[in-house]
Amino acid sequence: MSFISFTKENMIHIPEIDEQHRNLFEILNMMHTATIEGQEQSAIVKIFDDLIVYTVEHFDTEEKFMQEQKYPEYENHKKEHDELTGQAVKLQEQFKDGSATVTFELLDFLNGWLKDHTMGTDRDMGNFLREKMDGPSST
Ligand SMILES: [Fe+2]
Ligand SMILES: [Fe+2]
């Protein structure tokens, strides 16, 4: 049983973005598993690093799509990405210097962070992008 499952409700129907979201959920599941198994802090930090690198890559992909299609909400969406990255990097730094440990509260925070963004802000973006990319309706 996964900690966070990628389901139909999480899809925004842009295949490249859905695939990246699915991978992000998987990385978070790995972090959850490592925590349950009581793996060493260094192993968990490594997964956390992967999560951040992959998140930054993913945000770049979305921002590229939004710019290409001249998404009017681009600035707000980008701001949300920057805030999320900032929060995650700050947590990561706290782990690295030992002032925080991976807890279930933290995993819950990351879980909410991913779900809220993908099911809210990203969904609105997806609706806009699909309409633009499918072209004007022929009727
Ligand atoms: Fe996203
Ligand atoms: Fe996004």
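How many residues does H2 have, and how far does it reach from its first C-alpha to its last? In this predicted model, H2 comprises 28 residues and extends 41 Å between its first and last C-alpha atoms, close to the 40 Å expected at 1.5 Å a residue. A corresponding agreement holds for H3, since its 23 residues should span 33 Å at 1.5 Å a residue and its end C-alpha atoms are 33 Å apart.

These helices belong to a protein chain whose secondary structure consists of four helices and zero strands, giving the pattern α-α-α-α along the sequence. The C-alpha trace spans about 60 × 30 × 20 Å along its principal axes. Of the 139 residues in the chain, 42% are buried. Among contacts between residues at least 6 apart in sequence, 76% connect residues at least 24 apart.

The segments flanking the helices contain several residues with positive phi. His13, located in the segment before H1, has a phi near 65°, a positive value in a residue other than glycine. His13 is classed as partly exposed because its relative accessible area is 48%, a value that falls between the 20% and 50% limits of that class. Lys70 lies in the loop between H2 and H3 and likewise is not a glycine, yet its phi is positive at about 50°. With a relative accessibility of 66%, Lys70 counts as exposed, the threshold for that class being over 50%. After H3 comes Gly98, with a positive phi near 80°.

Within H3, the buried residues are Tyr74, His77, His81, Leu84, Thr85, Ala88, Leu91, Gln92 and Phe95. The buried residues of this helix pack against H2 and H4. The side chain of His81 forms a polar contact with the side chain of Glu62 at 2.9 Å. When residues up to four places away in sequence are set aside, His81 touches Phe59, Glu62, Glu63, Met66, His117 and Asp122.

Rolling a probe the size of a water molecule over the atoms shows where empty space is left. The count comes to one cavity of 30 Å³ or more, and the largest cavity holds about 50 Å³ of space. Its lining is formed by His21, Leu24, His58, Phe59, Leu84, Trp113, Leu114, His117, Thr118 and Asp122. In composition, the lining divides into five nonpolar residues, four polar residues and one charged residue. Helix H1 (15-36), helix H2 (41-68) and helix H4 (104-134) each contribute at least two lining residues. The largest share, five residues, is supplied by H4. Phe59, His117 and Asp122, which are among the lining residues, are also among the residues touched by His81.

Thr118 is buried because its relative accessible area is 1%, under the 20% limit. Beyond residues up to four places away in sequence, Thr118 touches Asn10, Ile12, His21, Phe25 and Arg123. The C-alpha atoms of Thr118 and Ile17 are separated by 9.8 Å, although the two residues are 101 residues apart along the chain.

Gly126 provides a second example from helix H4. With a relative accessibility of 0%, Gly126 counts as buried. Apart from neighbours within four places in sequence, Gly126 is in contact with Ile12 and Ile14. Gly126 and Ile14 are 112 residues apart in sequence, while their C-alpha atoms are 6.6 Å apart in space.

Key. Residues numbered from 1 in each chain as written. Chains lettered and ligands numbered in written order. Predicted model: local features only at pLDDT ≥ 70, side-chain atom pairs only at ≥ 80, totals over all residues. Heavy atoms only, no water. 1 Å grid on protein atoms, 1.4 Å probe; cavity = no way out; pocket = protein on both sides within 12 Å on 5 of 7 lines; lining within 4 Å. Points joined across faces, edges and corners; volume = space filled by probe spheres on them. Nonpolar A, V, L, I, M, F, W, Y, C, P; charged D, E, K, R; others polar. Polar contact = N/O pair within 3.5 Å; in protein donor to acceptor, adjacent residues only side chain to side chain. Contact = heavy atoms within 4.5 Å. Expected span 1.5 Å × (residues − 1). Buried < 20%, exposed > 50% of the residue type's maximum accessible area, 1.4 Å probe, protein only.
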